[in-house]
Amino acid sequence: METYEILKAYWWLIISILASVLVFLLFVQGGQSFLPGASDEHKGLITASLGKKWELTFTTLVTFGGAFFASFPLFYSTSFGGAYWLWMMILFSFVIQAVSYEYRSKSGNIYGTRFYDTLLLINGMAGPFLLGVAVAGMFFGAAFTVERVNLLDPGNPVISSWGPLHGLEAFLCYKNILFGLMLLMLARTLGLLYLINNNDNEELVAWLRRRLWWNAPIFVVLFLIVTGLLLTAEGVQTADGSLVRVPHLYLDNLLSRWWVAILLLVGVVAVLAGIGVTLLKDCRRGIWATGGGTIAVVLALFSLIGYGGTAYYPSTLDTMSSLTLANSSSSEFTLTVMSWVSLLVPFVIAYIAWCWRALDRK
């Protein structure tokens, strides 16, 4: 394998890791979605627990977008630049979260805590759902076309084109809606597990467990449905220098890559184990098994759509416009320089772990 191809594969791994961590950190949004049914005392405990971690989610989201911009700029310009209404809604939901945690408990708050709790609820429900709808396009396709020759046309230098809805057409596909609902229920399940682990108030823990009994099964059912749709979906793959549509491509990829299948299986088992021990064994550490399993599952799914010449962003309008690692990456020089910078990632992860423990001691 050439150095350039290794660099592309390496940076897709970095992207996959960031996506995995981001999905895990959505427990903050999931926890916020339970504020309406909580008592005032429980609301204070919930926001105190989640308020120490929300910045990690926001930072990871920004880093995820920045890593895509640097390593696969054509995806960045196509998705973030073309489907901007969808991404603007996502960013707005995260902005109001930041404002809420900043001003919710400050003296002189003229709006009251209820107003900011409502904003946190909007972020808690809309954030994971909208992210799921946006990311679903990487699995089921999005309505865009790419004309690289436009780079040479000073009068029309736009490479990627979308329809007049600019991303809102994603809501017209039931698969995207199911993917968004699945991610929302995962975030709610993770949020419950995190809050159970992070609180000593027995009344609140019992209240959270009762909600886990019905949120977790809904997530599991949605996950099975979405996984079935994905493994039977048509994908786009490179063949003889061209891009072609292949029936049940992701299932073929899973069966031909034993390490991905094992990673997916281990992740699913860990997710179910964390939920099970929390419900049946009165254990409060289920978040770590379910969180680790979530990271493993997302890594496996991103491996299915990124490697082996598979299009990680298929176009529903023009097969040849679909994006792969080969046709959307930065130059070899750029990827090389960034790879040296990426050696700092372990130190960043260690710093995040230190911050996590330091904040929990407060």
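**Pockets in the predicted model**

The lining of the largest pocket is made up of 23 nonpolar residues, seven polar and one charged; here Ala, Val, Leu, Ile, Met, Phe, Trp, Tyr, Cys and Pro count as nonpolar, Asp, Glu, Lys and Arg as charged, and the others, Gly among them, as polar. The model is predicted, so to speak of local features requires pLDDT of at least 70 and side-chain atom pairs count only at pLDDT 80 or more, whereas totals for chains, interfaces and linings use all residues. Residues are numbered from 1 along each chain as its sequence is written, and side-chain values use heavy atoms, with hydrogens and water left out.

A pocket is an open set of points on a 1 Å grid over the protein atoms alone, where a 1.4 Å probe fits, with protein on both sides within 12 Å along at least five of seven lines; lining residues have an atom within 4 Å of a point. The largest pocket holds about 900 Å³ of space, a volume being the space filled by probe spheres set on the points, which are joined across faces, edges and corners. Of its 31 lining residues, Leu-18, Thr-63, Val-348, Ile-349 and Ile-352 lie nearest the centre.

The second largest pocket holds about 380 Å³. Its lining has 24 residues, with Val-23, Met-182, Leu-183, Leu-186 and Val-298 nearest the centre. By class, 23 of these lining residues are nonpolar, one is polar and none is charged. The largest share, five residues, comes from α12 (helices are DSSP runs of H or I with at least four residues, numbered from the N terminus).

Notes: Helix = DSSP H or I, 4+ residues; strand = E, 2+ residues; numbered from the N terminus.
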